[in-house]
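Reader: Could you walk me through this structure with me asking as we go? I'd like to begin with the charged side chains.

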Amino acid sequence: MVSSRWVRPEVFPLFAAVGTAVGICGMQLIRNICINPEVRVTKENRAAGVLDNYEEGERYAEHGLRKFVRNKSPQIMPSLNSFFSDPISDD
């Protein structure tokens, strides 16, 4: 009986939102630990000091998602936005 008090249908969207946020944060943390050129986990890599690895940094910064959205409009619904924002001409 006590467990049914915490599992209500109203709480499921909250679980989904928090789960999505935790998933995005976890994905970013794993991405930084695994492929960020400035993060060095092993002792040998940390001993190397500051490296001038511009190519590796460029590959990290220019990832696939950034290349995909580079030439896209920064609007979610551009046709709907233009419908409501463009003035109507009374010709």
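Reader: Is E62 buried, partly exposed or exposed, and why does it count that way?

Author: This is a predicted model, and in it E62 has a relative accessibility of 21%, so E62 counts as partly exposed; the class of buried residues is kept for values under 20%.

Reader: And what does E62 form with R70?

Author: R70 and E62 form a salt bridge, in which the closest N and O atoms are 2.2 Å apart. As for the exposure of R70, its relative accessibility is 46%, and therefore R70 too counts as partly exposed, since a residue is called exposed when the value is over 50%.

Reader: How many salt bridges does the structure hold?

Author: The structure holds 1 salt bridge, and that is the pairing of R70 with E62.

Reader: Switching to rings, where does the charged end of K72 sit?

Author: The charged end of K72 sits over the ring of F68, at 4.6 Å from the centre of that ring.

Reader: What about ring against ring, how many aromatic pairs are there?

Author: There is 1 aromatic pair in the structure. F83 and F84 form that pair in an edge-to-face arrangement, with 5.0 Å from centre to centre and 80 degrees between the planes.

Reader: Are F83 and F84 buried or exposed?

Author: Both F83 and F84 are exposed. For the chain of 91 residues taken as a whole, buried residues make up 3%.

Reader: What about the fold, how many helices and strands does the chain have?

Author: The chain has 6 helices and 0 strands, so its elements, read from the N terminus on, run α-α-α-α-α-α.

Reader: Then pockets: how much space lies in the largest pocket, and which residues lie nearest its centre?

Author: About 160 Å³ of space lies in the largest pocket. Its lining has 13 residues, and N36, P37, V39, R40 and N45 are those nearest the centre.

Reader: Which helix gives the most to that lining, and how do the lining residues divide?

Author: Helix α2, which covers residues 12–35, gives the most, with 3 residues.

Conventions. Residues are numbered from 1 along each chain as its sequence is written. This is a predicted model: local features need pLDDT of at least 70, side-chain atom pairs count only at pLDDT 80 or more; totals for chains, interfaces and linings use all residues. Side-chain values use heavy atoms; hydrogens and water are left out. On a 1 Å grid over the protein atoms alone, a cavity is a set of points where a 1.4 Å probe fits but cannot get out, and a pocket is an open set with protein on both sides within 12 Å along at least five of seven lines; lining residues have an atom within 4 Å of a point. Grid points are joined across faces, edges and corners, and a volume is the space filled by probe spheres set on the points. Helices (H or I, at least four residues) and strands (E, at least two) are DSSP runs, numbered from the N terminus. Rings of Phe, Tyr and Trp (its six-membered ring) pair if their centres lie within 6.5 Å; planes under 30 degrees apart count as stacked, over 60 as edge-to-face and the rest as tilted. Buried means under 20% relative accessible area, exposed over 50%, partly exposed in between (1.4 Å probe, protein chains only). A charge sits over a ring if NZ of Lys or CZ of Arg is within 6 Å of the ring centre and within 35 degrees of the ring normal. A salt bridge is a side-chain nitrogen of Lys or Arg within 4 Å of a carboxyl oxygen of Asp or Glu.
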